[in-house]
Amino acid sequence: MQKKINIQNKKARFEYEILDKYIAGIQLTGTEIKSIRASKARITESFCEFSENGELFVINMFIEEYIYGHAYNHKPKSERKLLLNKKELKKLQKEVQNVGLTIIPLKLFLTDKGWAKLEIALCKGKKNYDKREVIRDRENKINLSRLKKNFN
């Protein structure tokens with residue numbers, strides 16, 4: 001295999017409070033996995049939703065068309081089925097329906113065997129004052145490191 005593929009959703013950690021994490025497999029076609037291996041995917045605007053059958057799908061995940069795919073290429077923004085255990089699916093569906101939480105993809109990566117996996121998280125949206133607090137903490141950390149550097 002080639003280099004490690006690790007596509008992250010950095011905005012999710014700022015926009016949402018992460019409550020629980022899961023690792024799910026993705027049902028992909030041949031050209032989709034080839035594009036992912038070439039690091040041609042984005043998960044920044046994507047989210048997960050349940051169908052009527054109780055299956056979990058990732059929506060709005062962008063996988064660029066494969067260059068050499070021609071007539072057998074895939075659609076860049078189609079729905080892709082996530083593969084989880086029944087217990088995990090039932091637990092997630094109950095949490096989303098009752099409490100009003102959302103499921104957001106955090107990271108898309110390849111395993112050692114070459115399987116594409118998606119790290120998803122059960123999240124709760126942050127308020128504006130929570131976001132300001134995160135920014136304030138980050139700025140304080142940067143200023144502190146500057147002072148330490150200048151002091152030494």
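**Entry 1: cysteines**

I searched the whole structure for disulfides and found zero. Cys 48 takes part in no disulfide, and the nearest cysteine sulfur, that of Cys 123, is 9.5 Å away. I note that the model is a predicted one. Because the sulfur of Cys 123 lies 9.5 Å from that of Cys 48, its closest cysteine sulfur, the two are too far apart for a bond. I then looked up accessibility: Cys 48 counts as buried at 9% relative accessibility, and Cys 123 counts as buried at 1%.

**Entry 2: nonpolar cores**

Which residues touch the most other members of the largest nonpolar core? I found that they are Leu 56, Leu 82, Leu 92, Leu 108 and Ile 120, out of 27 residues in this core. The elements giving two or more residues to this core are β2, α2, β4 (47–50), β5, α3 (86–99), β8 and β9. The largest share, four residues, comes from β9.

**Entry 3: helix α2 and what follows**

I examined helix α2, which spans residues 30–37. Its residues Thr 31, Glu 32, Ile 33, Ser 35 and Ile 36 are buried. What covers the buried residues of α2 includes β3 (41–42), β6 (62–63), β7 (80–83), β8 (102–110) and β9 (116–125). As background, residues three or four places apart in an α-helix point the same way, because there are 3.6 residues a turn.

After α2 comes Ser 39, with a positive phi. Ser 39 is in the loop between α2 and β3. Its phi is about 60°, although Ser 39 is not a glycine. At 33% relative accessibility, Ser 39 counts as partly exposed.

I found a positive phi at Asn 60 too, of about 75°, and Asn 60 is not a glycine either. Asn 60 is found in the loop between β5 and β6. Its relative accessibility is 27%, so Asn 60 counts as partly exposed.

**Entry 4: strand β7**

Which residues of β7 are on its covered face, and which on its uncovered one? I recorded Arg 80 and Leu 82 on the covered face, and Lys 81 and Leu 83 on the uncovered one.

I then looked up the pairing of this strand. Strand β2 (residues 16–26) pairs with β7 in the antiparallel sense over two bridges, and the bridge partner of Ile 26 in β7 is Leu 82. Strand β5 (residues 56–59) also pairs with β7 in the antiparallel sense, over two bridges. Here Phe 57 stands opposite Lys 81. Leu 82, on the covered face, is also one of the core residues that touch the most other members.

**Entry 5: aromatic rings**

My search of the whole structure for aromatic pairs gave one. The pair consists of Tyr 66 and Tyr 68, and its geometry is edge-to-face. The ring centres are 5.8 Å apart, with 75° between the planes. Tyr 66 counts as partly exposed because its relative accessibility is 23%. Tyr 68 is exposed, with a relative accessible area of 61%.

Lastly, I looked at the ring of Phe 109. The charged end of Lys 107 sits over this ring, 5.6 Å from its centre.

Note on methods:
Residues are numbered from 1 along each chain as its sequence is written. This is a predicted model: local features need pLDDT of at least 70, side-chain atom pairs count only at pLDDT 80 or more; totals for chains, interfaces and linings use all residues. Side-chain values use heavy atoms; hydrogens and water are left out. Rings of Phe, Tyr and Trp (its six-membered ring) pair if their centres lie within 6.5 Å; planes under 30 degrees apart count as stacked, over 60 as edge-to-face and the rest as tilted. Buried means under 20% relative accessible area, exposed over 50%, partly exposed in between (1.4 Å probe, protein chains only). A charge sits over a ring if NZ of Lys or CZ of Arg is within 6 Å of the ring centre and within 35 degrees of the ring normal. Contact means heavy atoms within 4.5 Å. Two strands pair if DSSP finds at least two bridges between them. A nonpolar core is a set of buried Ala, Val, Leu, Ile, Met, Phe, Trp, Tyr and Cys residues joined through side-chain atoms within 4.5 Å. A disulfide is a pair of cysteine sulfur atoms within 2.5 Å.
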